[in-house]
Amino acid sequence: MMFFLEATIAGLLAGVMYSLVALGFVLIFKASGVFNFAQGVMALFAALTLVGLLQGTVPFVHTNNPDWALPAWLAIIITILVMILLAVLIERLILRHLVNQEHIILFMATLGLAYVLEGAGDLIWGSDVKVLDLGLPQGANDWLLDNYDLYVEKIEMVAAVTAVLLVTVLAIFFHKTRIGRALRAVADDHQAALSVGISLRTIWVIVWSVSGIVALVAGVMWGAKSGIQFSLSLIALKALPVLMLGGFTSIPGAIIGGLIIGVGEKWAEIYAGPYIGGAIENWFAYMLALIFLLFRPQGLFGEKIIERV
Amino acid sequence: MHIGRSIRTVPLAVLALASMVGMAAAYELTIPSMDYRTGPYAPNGIPFANGWTDYWTLLNERDGGINGVKIKVVPCETAYNTKQGVECYEKTKGVGNGAIIYQPLSTGITYQLIPKASVDKIPIHSMGYGRTSAANGKIFKWIFNFPATYWSQASALVKYIGEQEGGMDKLKGKKIFLVYHNSAYGKEPIRTLEKLAEKHGFTYRGLAVDHPGQEQKSTWLQIRRDKPDWILMWGWGVMNQVAIKEAASIRYPMDHFIGVWWSGSENDVKPAGAAATGYLSGAFHQPGAGFQVHKDIIKYVYDSGKATDSAFKARVGEVLYNRGMAAAMYASEAVRNAMKIHGKKEVTGEMMRDGLETLEVTAERLKELGMEGFTYPVKITCENHEGPGLVAVQRWDGKKWSIISKFYEPDREVVGALIKEDSEKYAKENNIKPRDCS
């Protein structure tokens, strides 16, 4: 029974980690209808920038100069500024030129963006594995392990708390601020929002900036588990079934979807995996999402798409 | 009019002649470099590619090439992707005077290139990876996997475990688990471990981890529940770093956790910090930059500005760098051997194969190469493309890797039978008549 509880908790916490990535997708899709294929690479790029600043890495040369190393608080602020600058550049160089284009064109543009960002990250910061030293707790929670023989990783507990804070801040931002209301207006109807004087370009910069900051959080949490390296960009693959299940437009959907996928795949791997060769959790997550799609094509919390014929 | 045309033709003829002379004067050996400097496996691909390339550059810069023939290294990015790897092979095989050897650094790519090698007559050296049964030279004429294979390594690591337990008979009733990359590479040791489990009476269980291995919680929860006595790992890339961290988190004793030699580099342990101290892995060569060859590389390659990746200077001597360097050393010795056998300096793929098949790198030769004690002597024959198959265990002490054991002989009884069975099956399926090596 204790092992079942342990597997369930591990699934829930892994689900939170998936949700952190999925949130970035949801924000952009909600505001602009663009499926941002580059979200995983944005998490990588943000994490690479942060660790580069922390270690004093000389850009393009890839050697570390201890004199250039920044304290964590300053490195985080500069990384956030870099992600905002990136959002401005994306709007100026890509989105602005693709207004009123089909969604598939915008999707393809983000596909290109993913490759450009990955290459830029490699060029600026190098490809080797970088250790992220932000003082985040590592290893098992000793108290739970010693007193209850329950294995829960500290970094995943931190990720869960961070996710709760992040969702709370996003909820306040969307519902209680003027910009947030403007974002929701754009998400509901671009044309109507434009007609009342909301600047689509500003909204896009804001939403891509927020998404960049969410990507930084996801990159830090995942990077703390494995070191910062290029496989971080593949965490986007873990977010896709979460989005399919939770819906592409719902922040609570991203959280609930993540939890269901996380627990589902852990149960499947542990209890069914040994009978069918193992390593099933990746495809099981997609299968679970597809089963949900059969009954709710818009996902659990997604908006129902109704089109007049 | 005719005179005018002739005058116009003269410069062209001179140009053509000059280029022919130039071509003849600049004969170079074409060595493709199947790199992966991008993508999720780049952290492992880069040190190997640098070691491989730097050694060839060293030969060019210090010795003027091999017996006066310069080497042209042709890089091609595979991103550790089998399809891209095959494309690289097709793209580079005809470059210059034609590729004379491939080192694919991927079991998946090697499997795809095995049938192509005999058609194109270019040998493949899958050094310590790839298809293990290619050790049978009677059937796999064009494939070499010395100095040891995965199956030899699995059996040698089990011998190490047996020794730690107080004898091979003490393995009875023990639990040995394999955590493996869910790919052709990761699955290689499974049959050997199953056979060894039958022979020694230990319980074997395999736990697959899907690419890339960023999330492994289910695997490590099962390990926590089932409490294996020893864990072997056949991992690559981020899978290694996450596994070592997870093992530390569940308080699994690091001195009972042994990675294959592709799971034992600095990249694999550093992200786990102090928790990785005591972790073990297989090895067939020494780590570190304390050999004469490293000093030469620094002097002739890095300090003279000839390095492909100049920022790597401080990392020369890392485990995977040394492995790439070892691969280039074996290949360059095979080139020398091919030149000696055939009495020609223009080496073709076929000549290179002959050079590999009669290669002998003695302890004395290693000393001459500035690599005294770097690895063990190797002798390749027509039947045996694996060579000695010796494997040692190295330990991470929190700062550096050090070899802590003797070199173990593989279990020839088990491994030999499996190689024979698998290679003969391959020969039957592909209608290959085994060569007579007598």
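Analyst: Happy to! Let us begin with axes: they are lines fitted to C-alpha atoms, for helices over the stretch in contact, and angles run from 0 to 180 degrees between N-to-C directions. Helices (H or I, at least four residues) and strands (E, at least two) are DSSP runs, numbered from the N terminus. This is a predicted model, where local features need pLDDT of at least 70, side-chain atom pairs count only at pLDDT 80 or more, and totals for chains, interfaces and linings use all residues. Residues are numbered from 1 along each chain as its sequence is written, chains are lettered from A and ligands numbered from 1 in the order in which they are written, and side-chain values use heavy atoms, with hydrogens and water left out.

User: What makes H1(A) and H10(A) roughly perpendicular to each other?

Analyst: The axes of helix H1 (residues 2–32) and helix H10 (residues 235–246) of chain A cross at roughly 75 degrees and come within 8 Å. Angles under 35 degrees count as roughly parallel, over 145 as roughly antiparallel, 65 to 115 as roughly perpendicular and the rest as oblique. The angle of roughly 75 degrees falls in the range 65 to 115, so the pair is called roughly perpendicular.

User: Which residues of H1(A) make the contact?

Analyst: Contact means heavy atoms within 4.5 Å. On H1(A) the residues are A:Tyr18, A:Val21, A:Ala22, A:Phe25 and A:Val26, and their partners on H10(A) include A:Ile235 and A:Lys238.

User: Why is A:Asp149 called partly exposed?

Analyst: Buried means under 20% relative accessible area, exposed over 50%, and partly exposed in between (1.4 Å probe, protein chains only). A:Asp149 has 46%, so it is partly exposed. A:Asp149 lies in the loop between helix H5 (142–148) and helix H6 (154–176) of chain A, and has a positive phi of about 50 degrees although it is not a glycine.

User: And what makes B:Asn431 exposed?

Analyst: Its relative accessible area is 75%, which is over 50%, so B:Asn431 is exposed. B:Asn431 is found in the segment after helix H15 (412–429) of chain B.
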